[in-house]
Structure formats: structure tokens, C-alpha cells
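Here is my note on the chain you sent. Please keep the structure open while you go through the points.

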Amino acid sequence: MAVNPDKLNAFVGKFANDLGAAMHGSAILIGEQLGLYRGLAQHGPISSEGLAEKTGTAERYLREWLAGQAASGYVEYDSKTGLFSMTPEQKFALTDENGPVFLPGAFYIVSSVYKDQRKIAEAIRTGKGFGWHEHHVDLFQGTKKFFRPGYVANLVSAWLPSLEGVVSKLEAGARVADVGCGLGASTILMAKAFPKSEFVGYDYHGESIEWARNDAVTAGVAQNTDFEVALAKGFTGKNFDLVTFFDCLHDMGDPVGAARHVRQALKPDGTWMVVEPFAGQSLEANLNPVGRIYYNASLQLCVPASLAQEVGSGLGAQASDAALLDVFREGGFTRVRKSVETPFNRVFEARP
Ligand SMILES: C[S@@+](CC[C@H](N)C(=O)[O-])C[C@H]1O[C@@H](n2cnc3c(N)ncnc32)[C@H](O)[C@@H]1O
């Protein structure tokens, strides 16, 4: 077997990059939890001694943390002054938890899959599922932290307006169900934007629903939100003008059963909005950085979640448009279109 040394070197270089990223991931969480990015953004250019003092942390560790961040391109180092700082873009993406591009949250999801890795391997060996609710708590908080910025950036300004006639109904006062709502990030954003409408968030995971209720109180939208523990094909509410599914249809064991249930819970002129991860129409179209994230998440989170439930369809996070359209049609939706897409998401509008 002839090994080409140049190709081997290139491959090892790729590995070094991945290993560095994997180690850097938990250092990003450390920076987020200890307020190191925020401290640096506020006080930089600053030394490791200065940042340790400002953030109440130990200098010897901060020297290492800052050097690792600089090597990762997450902070800047000036060798002339020996001081560290952040560019406006680094500050924007690493310090504003309520902003449209907050990156550290995603690494809580990574943290959860590492913590559950052996259990996930066992599920892959046996073919059994591994339910969403069985994961380490980092997954639930991480999912909110990862997805919320995308909703802040797109949901009210672009995704809802891409649906026919929905915004005017929401402005006038509509009934909305947000199914598979998790910690209710999407529910709360919509409830804030449309105070005359009523929003019910449903999720089968009880702990997530409790957090959602608390977050709704903190956000000041308790009066027009309600959160209930329920399965997507079991919630009892009816006569909804809009039903939304954010990044959860493919996690369900029986997406077609969920679609049929949504169909009967909607008013005759109601709309089902389904937000799914971005995907191309073939495996080869997904062999890129975004597909890499989603296939690996699908392997360790989405497919095991689906296989743990009734039917266990295992749709996967990279289901093509055609596969999703089949689900909508089998569920009784006749007018279906993709209304908008971003680098990370596809939005579908389905009507009876
Ligand atoms: C990837 S998370 C998305 C959470 C939330 N929609 C968001 O965007 O932040 C998937 C959610 O679907 C929920 N879920 C999975 N299967 C479900 C089912 N059959 N019925 C109701 N919720 C379900 C999980 O508990 C989890 O909260």
C-alpha cells in the first residue's frame, strides 16, 4: 500500500486543526462562564494580570487561556505590548448572548455529546434509540443558546413574513402552538413581538417546559404564553391559526403522525410553519462544513431521539426537501412550499 507523504501530511494537518478545535471548544465554555470574553471586550487591550483582576480569576490560568484563544483566532495578541484585545467582530459574536450571532452556546451541545458518548455508541451498536430527554442537561440549555441567535436574527423579520397572511393575523390576535418548543426561545420571541396573540408551547420533555415557563416570566410574556408537556401527536389544543415546529420534526419518531395531528388542530385556513436544518438534495451536496455539523449532530442526537420513539422513522437532520414534502403530503397538507432558507435553516409553509 503506497502512502503519499504529501497527502498524509495534509491529512494530519486536518487532524491537528480538528483536535485543536475539539480542545478549544471547552475553553470557549470556560470563557463564557467566567465572563472572560466580556471582560476582555470591555477592558482590552489588557494583560493576563489585568484580565484576571477584572474577572476575579487566577492569572496563571488566564495566561494559558488567552494564549489558546489567540492561537485559535478568537482574540488578538499584540507582541509589541504583550496585551490581548478583541476585534469588533469577535466582540459581537462572543459577548452578546441576546444578539443575532452568539457563538459560544453551541459548544454546550458539543459538551453534552461528549458526556453521553458511550451511551450513544451503545445505541449505535444495538440499534436502540437514545431519547432526547436522556441526554446530559447541557444539551437542553445548549440547544436554546445555539438556536436562539438565529431566531433573533430571522424569525420575526424574515421567516414569519415569508408566510402568506400570517403576520397580519398575528398582529390582530391569533392562536399559535409552538410544538417541540424546548426551552421556548422561539415561543417567547414571537410572544414579545405579537402581544395580541396567544402562544402555547408544547414539548414532551418536562424539564424543558419548566425552564420555558421561567424564561417567559423573565421575558415579561407570561400573560400571552402557556407551556404544556405534550407529545407532538398528543397535544389537545385546537383551532390554531398557526402551528410552528422549530428544528424538531426530524427528531420525532412519527413525523407523519405529528403532521396528521397538526392538520386537525389547525383552523381550515391555518398555516403550519416547519423550520428544519439547511440541507442540499443529496449526500454529496451536503459534504461541506454545515453538512458536517448537521450529519454529526444527526448521528448523535436526532436519529437516536427519533429511534427512541413510536414508529422510529429516523428522518435525520439532513432530510432532503423531497423527504420532508412526503411527510407534509402524507399528513394531509396539499399546499406546501419552501418559503425561505438561510445558510443554517429551511422554512416550509404547509397548508391543508
Ligand atoms: C432540537 S430541539 C429544538 C427545541 C426548540 N424547538 C428550539 O428550537 O430551541 C428538539 C425538541 O423536540 C422535542 N421533541 C422531540 N420529540 C418530540 C415529540 N414527539 N413530541 C414533542 N416534542 C418532541 C425535544 O424534547 C426537544 O425539545
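**Notes on the chain**

1. Strand β7 is mostly covered: nine of its twelve residues are buried. Buried means that 20 or more other C-beta atoms lie within 10 Å of a residue's own; exposed means 12 or fewer, partly exposed lies in between, and the C-beta atoms are placed from the backbone. Strands (E, at least two residues) and helices (H or I, at least four) are DSSP runs, numbered from the N terminus.

2. A word on the source. This is a predicted model: local features need pLDDT of at least 70, side-chain atom pairs count only at pLDDT 80 or more, and totals for chains, interfaces and linings use all residues. Residues are numbered from 1 along each chain as its sequence is written.

3. Now the overall build. The chain has 14 helices and nine strands. Its radius of gyration is 22 Å, close to the 20 Å that the globule rule gives for 352 residues, so the chain is as compact as a globular protein of that length. The radius is taken over C-alpha atoms, and the rule is 2.2 Å times the number of residues to the power 0.38. Along its principal axes the C-alpha trace spans about 70 × 60 × 30 Å. Of the 352 residues, 43% are buried.

4. Consider the contacts. Two residues are in contact if their C-beta atoms, placed from the backbone, lie within 7 Å. Among contacts with a separation of 6 or more, 66% join residues 24 or more positions apart.

5. Which residues have the most contacts inside the largest nonpolar core? They are A177, V179, V243, W272 and V274, in a core of 71 residues. Helix α8 (residues 138-159) gives the most to this core, with seven residues. A nonpolar core is a set of buried Ala, Val, Leu, Ile, Met, Phe, Trp, Tyr and Cys residues joined through C-beta atoms within 7 Å. V274 touches F245, L249, F348 and A350, leaving out residues up to four places away in sequence. A second, separate core of 14 residues includes L62, L66, Y74 and M86.

6. Next, the sheet. Seven strands form an open sheet in the order β5-β4-β3-β6-β7-β9-β8, with mixed pairing. β5 (225-229) and β8 (335-341) stand at the edges with a single partner strand each, so one side of each is left without a neighbour in the sheet. Neighbouring strands are turned by 20° against each other on average, direction ignored. Axes are lines fitted to C-alpha atoms, for helices over the stretch in contact, and angles run from 0 to 180 degrees between N-to-C directions.

7. Look at two pairs of strands. Two strands pair if DSSP finds at least two bridges between them. β6 and β7 pair in the parallel sense over six bridges. L242 stands opposite T271 in β7. β8 and β9 (residues 345-351) are antiparallel, over six bridges. There V336 stands opposite A350 in β9.

8. Helix α11 (residues 206-219) lies across β4 (198-203) and β5, running at about 170° to β5. Helix α12 (residues 255-265) lies across β3 (175-179), β6 (240-246) and β7 (266-277), at about 145° to β7.

9. Then the ligand. It is surrounded by 22 residues, and the closest are G180, G182, A232, F246 and C248. A residue counts as near if its C-beta atom, placed from the backbone, lies within 6 Å. The elements that give two or more residues to this shell are α8 and α10 (185-193). α8 gives the most, with three residues.

10. Some backbone details deserve a check. The peptide bond from G44 to P45 is cis, with omega near -5°. P45 is in the loop between α2 (36-43) and α3 (48-55). N239, not a glycine, has a positive phi of about 55°. N239 lies in the loop between β5 and β6. D247, also not a glycine, has a positive phi of about 50°. D247 sits in the loop between β6 and α12.

11. Are N239 and D247 buried or exposed? N239 counts as exposed, with 10 C-beta neighbours inside 10 Å. D247 is buried, with 22 other C-beta atoms within 10 Å.

12. Last, G314. This residue is in the loop between α13 (289-307) and α14 (321-330). G314 counts as partly exposed, with 17 C-beta neighbours inside 10 Å. G314 and H250 are 64 residues apart in sequence and 7.2 Å apart in space, C-alpha to C-alpha.
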